[in-house]
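Please examine the sequence and the structure before reading the solutions.

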Amino acid sequence: MGSGESLTRSGLRGREAELEELQALIASVARTGSSGLALIQGEPGIGKTTLLAETVTRAEAAGFSVGLGKADELHHIVPLSSLAACVLHGDQPLLSDDAFADLARNQDQRIWLVERLAEAIEGRACSAPVLIGLDDAQWADPLSRFALKQLPARLRTSPVLWMLAGRPDPAGPAEEIVAAAAGGLPAVTVPLGPLSGAAIRQLAADTLGAAVDERVRHLLDGAGGNPFLAVEMLAGLDGTEVSGELVPSTLVLGVRGRLKSLQPSTLRFLQMGAVLGRRFGFHDAAALYGRPPASLISALEEAVRSGLLDDDGDQLVFRHDLLRQAVYVDVPPSARKALHREAAGHLVAAGHQPIDAVPHILRGALPGDEEAVALLRRAAESVLPVTPGLAADLMTRALELVPPARPLRFEVGEQAILCLTRAGRSREALSIGDRLLACRPSLEVFSRLQAALGATLWNLDLADELRRRAESALAAGGAAPEAGARLAALRALALSRGQDLAAAREAGEAALRAATAIGDREAHVLALSGLGEIAQNAGDNAIALERFAALSTIDSAFLPEEIVAHLHMDGFASGGRLLLQAADNAGTMRQAMMLWAQGQHDLGLGRLDDADADLTTVERLEDDVQVPVQQVNARVIRSRIALLRGDREAAREHLAAARVKLVAKPNPGNTAAVRFLEAVHAEADGDIGLAVDKIRQVQREGDFMRWRLLRDWVDSAIRMALRGADQELAEDLAAQAGAHAERNPATPTATGIAAQALGLAKNDLALLEHAVALLEASPRPLVRAAAYADLGQALLAAGREPQAAAALTQAHAMFAESGAHAAAARLRPGRDGAGAGSGRAVTKQRPVQGWGALTASEKKVARLIAEGHTNRSAADMLVVSPHTVNTHLTSAFRKLAVNSRVQLANMVMAMPDADRS
């Protein structure tokens with residue numbers, strides 16, 4: 001049997017039930033227009049590939065557009081190598097080579113990459129159902145694994161069938177992908193066990209073309225029900241006279257028997273290929289053999305003729321990985337190690353990328369191999385933007401290869417620290433850094449290592465430790481100018497978390513001058529970032545905007561900080577323009593932080609539904625890349641939004657989540673935000689004493705107005721203090737608001753809130769009227785509504801009921817327009833024309849299911865998708881992120897109890913026009 005034809009046909013023997021289950025999934029995806037996922041699992045040779053191939057054939061017959069790929073053991077770390085095979089191969093590739101190359105050029109944004117892949121697949125699925133299959137998924141590369149964990153859930157409403165085949169491994173890539181999709185789409189696991197005796201005998205009859213006698217049945221018992229092993233055992237019998245000698249019962253021995261008949265040069269050529277991997281280049285194998293390619297043509301022909309290799313015109317492929325492994329294990333271990341090391345050198349010399357040589361380096365390099373260390377460092381640098389976790393692993397291995405006494409160890413260690421920190425493995429980075437520092441390096445190296453640890457300590461919220469180390473390194477002297485400038489900038493950044501912000505600003509200015517003088521870009525970025533943080537914490541919003549605008553000019557990744565700085569200045573028009581600019585250039589942005597900026601923009605403009613969706617997406621994106629930055633603050637805001645809407649249950653859930661996330665990021669700002677939220681909940685529960693105590697806890701973290709998230713909510717804190725009869729606290733908070741307004745005299749929100757705060761603290765009707773007048777220029781409707789509500793209550797207390805009713809009606813309308821229905825309900829005018837006061841009110845809850853349960857934004861998205869828009873085109877129409885559209889769509893599908901775009905379209909189109917609007 002020299003080809004795979006018999007195996008393809010006979011491999012389906014005994015798999016009728018499994019094939020029927022997969023056929024049903026194909027039909028379901030085609031019928032419903034929603035996605036599905038199947039994982040075929042089993043030991044090597046059990047028939048996974050054959051069953052996957054048959055499923056693909058049936059899907060193609062059903063009109064599916066198919067992309068099928070196969071991961072490779074020795075290429076399992078090359079970014080996107082597995083997924084590339086899925087989307088670039090086939091009669092109608094899902095992506096052209098040029099389109100995929102364009103994606104690859106933007107790999108530094110994993111989230112952006114996934115969204116672009118999703119858009120391409122979604123576009124194809126609009127015209128035909130799609131099947132994407134990956135064989136040998138256990139060897140999927142890290143970036144492909146990342147994408148495949150996101151894509152099935154992202155495309156669950158499109159007719160896409162995801163097919164994975166792989167070996168069982170509870171912690172393996174295939175299981176991770178299935179777990180990530182769990183609950184979001186139909187998923188089946190198809191375990192393949194040993195074939196029955198009857199199926200094996202049918203397989204033997206298929207292969208031999210004759211009835212199976214007792215001797216052959218005895219032989220097949222050694223296959224243990226594994227079809228591939230059975231076929232390989234029978235291969236020696238096919239077309240030959242049956243002798244009394246038994247064929248060995250293990251595959252390795254069986255393949256050895258077949259190899260004995262090969263020419264020595266063919267056997268050696270196969271061994272070189274087995275070292276290179278299941279797929280390998282003819283020239284690469286010849287180079288490793290040390291022979292000219294022309295002299296090995298006969299060896300290649302014999303290997304193909306024997307049924308061990310296939311030649312697809314571009315590469316040679318072992319017909320099954322078990323064959324490669326059987327050849328590979330016959331190479332002595334010491335020779336394998338040496339050949340892998342030699343293979344790495346040949347691949348790089350032949351023009352391959354360093355990452356292509358890394359699998360061989362990992363198997364063949366020995367301590368002290370500086371060339372291997374250099375290759376690992378180059379490979380880590382190339383994949384760091386794409387898969388920082390892989391870069392960190394490579395640098396950890398590189399560090400292990402450098403003997404302790406060599407100076408190179410410090411240089412490699414510094415790069416390892418940077419990669420580990422980028423990968424979110426800051427504890428490991430700090431441990432490595434401290435071990436290196438314990439080796440008593442030179443002062444120059446000491447300073448460089450401390451500078452490298454700066455981002456590590458900052459990510460760990462160890463600002464005081466960062467300041468201490470930076471000051472110690474600067475005091476020790478001996479630092480190179482670049483390291484010294486970075487240490488100075490890191491010191492200023494650390495001081496931004498302290499109480500003496502004037503000293504911090506002075507340190508930041510000095511660091512900026514030093515960075516500018518020597519022209520070090522990293523020091524310049526650090527200094528501007530520190531100065532921006534210092535200015536924002538001090539409430540100097542104009543200076544913060546100046547710093548962050550300069551920073552985003554140097555590095556566009558900091559555009560979210562500039563946008564938020566504009567919002568603090570009431571510059572919503574400028575912020576909106578920058579958000580539009582970012583939407584056109586999303587591949588260069590930090591996606592989660594950009595959604596945070598969008599959420600702040602929508603919240604400020606009173607778009608509560610959109611803000612909630614934005615912040616939901618922020619958390620999901622940060623979870624995807626395992627870099628939690630804004631998760632505490634996002635939950636705090638979402639809890640407040642839920643309270644404004646009247647959804648107490650959701651508000652409590654967000655509070656509980658914020659407390660959990662605070663444990664991981666317990667910096668002072670996060671702590672203050674959670675304590676304030678606890679105060680809000682205590683007040684809502686009627687425990688005013690606890691509420692006031694929580695506000696005092698906020699003050700213990702620093703002045704209330706120090707925390708930028710809380711500045712627009714100081715009026716709530718003052719009301720709590722007054723209800724708790726704590727006049728001193730109320731006046732302190734009002735004084736802080738006044739000081740903040742003095743620093744921001746051109747910002748209507750700041751000056752209006754200051755007048756409102758003082759009016760509340762002094763019970764001064766004139767000040768509250770002045771606050772309303774000032775806030776007419778503020779773009780924040782919720783702030784204006786709160787000021788009108790306070791004015792209305794004061795007018796009511798003064799007996800000016802007509803004016804009170806007008807103010808309360810205005811507040812009610814603004815709250816209701818923003819979706820703050822609970823806040824609006826508390827101000828609903830009574831029969832006497834006055835307001836209902838600040839007591840609890842019963843609000844009409846939005847339905848849980850059905851069209852009426854959808855928010856206004858969800859309805860807009862649902863209508864556009866029903867009209868045939870993709871997520872991208874709907875996002876362009878609504879001027880939001882595709883991620884936000886996906887969040888709205890997920891919620892809409894859940895509330896409408898539909899699973900596909902087709903079902904959604906049918907539902908929307910069947911509704912009366914009045915209900916649809």
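Two strands count as paired if DSSP finds at least two bridges between them. The model is a predicted one.

**Exercise 1.** Determine the order of the strands in the open sheet of five strands, and state which are the edge strands.

*Solution.* Step 2: β2 (65-70) and β5 (187-191) each pair on one side only, which identifies them as the edge strands. Step 3: on average, and with direction ignored, neighbouring strands of this sheet are turned by 15° against each other.

**Exercise 2.** How many bridges join β1 to β4, and which helix packs on the sheet, touching these strands?

*Solution.* Step 1: strands β1 (residues 36-41) and β4 (residues 160-166) run parallel and are joined by six bridges. Step 2: G36 has L161 as its bridge partner in β4. Step 3: helix α8 (residues 173-181) packs on the sheet and touches β1 and β4; its direction makes about 155° with that of β1.

**Exercise 3.** Classify the packing of α33 and α47 by angle, and describe the residues of their contact.

*Solution.* Step 1: helix α33 (residues 608-625) packs against helix α47 (residues 882-896) at an angle of about 105°, and their axes are 9 Å apart. Step 2: angles of 65 to 115 degrees count as roughly perpendicular, and α33 and α47 are therefore roughly perpendicular to each other. Step 3: the contact includes D609, R620 and L621 of α33, together with H883 and N886 of α47. Step 4: the residues of the contact of α33 with α47 comprise two nonpolar, seven polar and four charged.

How values were computed. Residues numbered from 1 in each chain as written. Predicted model: local features only at pLDDT ≥ 70, side-chain atom pairs only at ≥ 80, totals over all residues. Heavy atoms only, no water. Helix = DSSP H or I, 4+ residues; strand = E, 2+ residues; numbered from the N terminus. Axes fitted to C-alpha atoms, helices over the stretch in contact; angles between N-to-C directions. Contact = heavy atoms within 4.5 Å. Parallel < 35°, antiparallel > 145°, perpendicular 65-115°, else oblique. Nonpolar A, V, L, I, M, F, W, Y, C, P; charged D, E, K, R; others polar.
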